Each structure stands twice: as C-alpha cells, then as structure tokens.
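Trainee: Hi! Could we go through this one together?
Mentor: Happy to, let's bring it up.

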Amino acid sequence: SATASPTTPLSHAQQRLWFLHQFTPNTTEYNSGIALRLRGKLDLDAAEAALRQIVDRHQPLRTTFDTVDGRGVQIVHDTLDARLTTIDIPGDGESAREAELDRSLRAEISKPFDLRAGPVFRWTLLRVAADDVVLSLTIHHIATDGWSLGVLAKEFGEFYTGHVHGTPVELPPLAVQYTDYAHWQRQQPPTALAEDLAFWKTT
C-alpha cells in the first residue's frame, strides 16, 4: 500500500474483535464470505478494474490494525494493490468438479487473515469451466457484516458491467466512512453507553 492515514481509534465492535485476535491470531471463526457464480466468458480485466473501484470506494478494505500505546487502532491506507487469485477446478465430470469447487470454497474461508499486515479480504476466482466461474469474496468480520457483503456484491456487478460495456460506472462518493462512525462512537459520553446497556437489560 502507499502512504497511510493517521491512526484512528477502533469502534467498540472492532476493539472486541482485535482483542480476540491477539489471543488466537490464526482463528477463522470471524471470517465472512460470499460466492458469486458467473456464467459466460469472464472479462478478467473488467473484473479486476471493478475490484479496484470497490477497494478505492470502501475504507475498511484498505484498513490494517495494530496496537499503539496499548490501544488498538485502525490505519486506513490510501491505496491497496487488489488482485484476483485464479484457481482452476479439476475433476472429470460435473459431480467431481462440483465437489472440488465446494472443497475449494471451504478452503478459502478457512484461511486466517493477518490483520496487521493486511489485506483483510481475499478475492478468488474459481474457474470451473471456460464459461463457468465462481467469484469468492472472504473478509474478516472486523471489516464487514452480512449486510455490507450484499452491498459489495451489488456494486461489483454494477462496476463489472460498466467496464465490460466500456462505460465505467461512477457511484456517488460515500458521505460517511466507517472511521467517521468510530470517531463519533468514541466521542459519546459514558452516560450514552450506560443508557444503551440499561435498555438491552430490560428487553
């Protein structure tokens, strides 16, 4: 990556995950993932261009994590070299290839992340046939949630289609990034947290 922004405090949720990561850095318990099956000939250049747009657009994908003065921090990098790793799925016959595809997808989500070095995600292209590929996206939960995975899948489709047709899509800039939320959360008075806790204790 290129130059990085100053350190930013972690949100409460990120702090919890970073704390757990210190004890079990090789765990894959907090890996999240989706797989998109694409039929037809894949334009690899368009796919990588779409991926770069997504990484440029979403700060969490360009973020690494560390401890400074005893506190967990997130470091947002200006750029990150995002590439697709391609894996050919072997097997004689459809059932054998589907079994190997399933095994490969499980292997992808079972690889740990190095949150200090980054990146905190992996894009892998699993080639079942010339006109049948599966795009696997695995992200550590410190950088995503289930709803966000759907957003990334949708945006990838829009960006990819645009590049294939030679009319790249430019979505409006995001008004708020996750670091903005983390700053806001850390600025809340202790009474706000106590009120939230009291609410959940009574529901």
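Trainee: Which residues does Glu108 touch, not counting those up to four places away in sequence?
Mentor: Glu108 touches Ile87, Arg122, Thr124, Ser136 and Thr138. Its place is in helix H3, residues 94-109.

Trainee: And is Glu108 buried or exposed?
Mentor: Glu108 counts as buried, because its relative accessibility is 3%, and the cut-off for buried is under 20%.

Trainee: Okay, new topic. What is the mean confidence here?
Mentor: This is a predicted model, and the protein averages a pLDDT of 90, with 95% of the residues at 70 or above.

Trainee: Now the inside. Which residues of the largest nonpolar core touch the most other members?
Mentor: Those are Phe121, Trp123, Ile139 and Phe156, in a core of 32 residues. Helix H2 gives the most to this core, with 6 residues.

Trainee: What does Trp123 contact, beyond its neighbours within four places in sequence?
Mentor: Its contacts include Leu51, Ile54, Leu84, Leu137 and Phe156, and also Arg83. There is a second, separate core of 5 residues too, with Ile89, Leu101, Val128 and Val134 among them.

Trainee: Which residues form a nonpolar patch on the surface?
Mentor: Phe19, Leu20 and Phe23 do, with about 330 Å² of accessible area together. Phe23 lies in helix H1, residues 12-23, and is classed as exposed because its relative accessible area is 61%, where the cut-off is over 50%.

Trainee: What do nonpolar side chains tend to do in soluble globular proteins?
Mentor: They tend to be buried together.

Technical notes:
Residues are numbered from 1 along each chain as its sequence is written. This is a predicted model: local features need pLDDT of at least 70, side-chain atom pairs count only at pLDDT 80 or more; totals for chains, interfaces and linings use all residues. Side-chain values use heavy atoms; hydrogens and water are left out. Patches are made of residues with over 30% relative accessible area and no salt bridge: like charges are joined within 9 Å, nonpolar side chains (Val, Leu, Ile, Met, Phe, Trp, Tyr) within 5 Å. Accessible areas come from the Shrake-Rupley method with a 1.4 Å probe; for residues, only the protein chains shown count as cover. A salt bridge is a side-chain nitrogen of Lys or Arg within 4 Å of a carboxyl oxygen of Asp or Glu. Helices (H or I, at least four residues) and strands (E, at least two) are DSSP runs, numbered from the N terminus. Buried means under 20% relative accessible area, exposed over 50%, partly exposed in between (1.4 Å probe, protein chains only). Contact means heavy atoms within 4.5 Å. pLDDT is the predictor's confidence in each residue, from 0 to 100. A nonpolar core is a set of buried Ala, Val, Leu, Ile, Met, Phe, Trp, Tyr and Cys residues joined through side-chain atoms within 4.5 Å.
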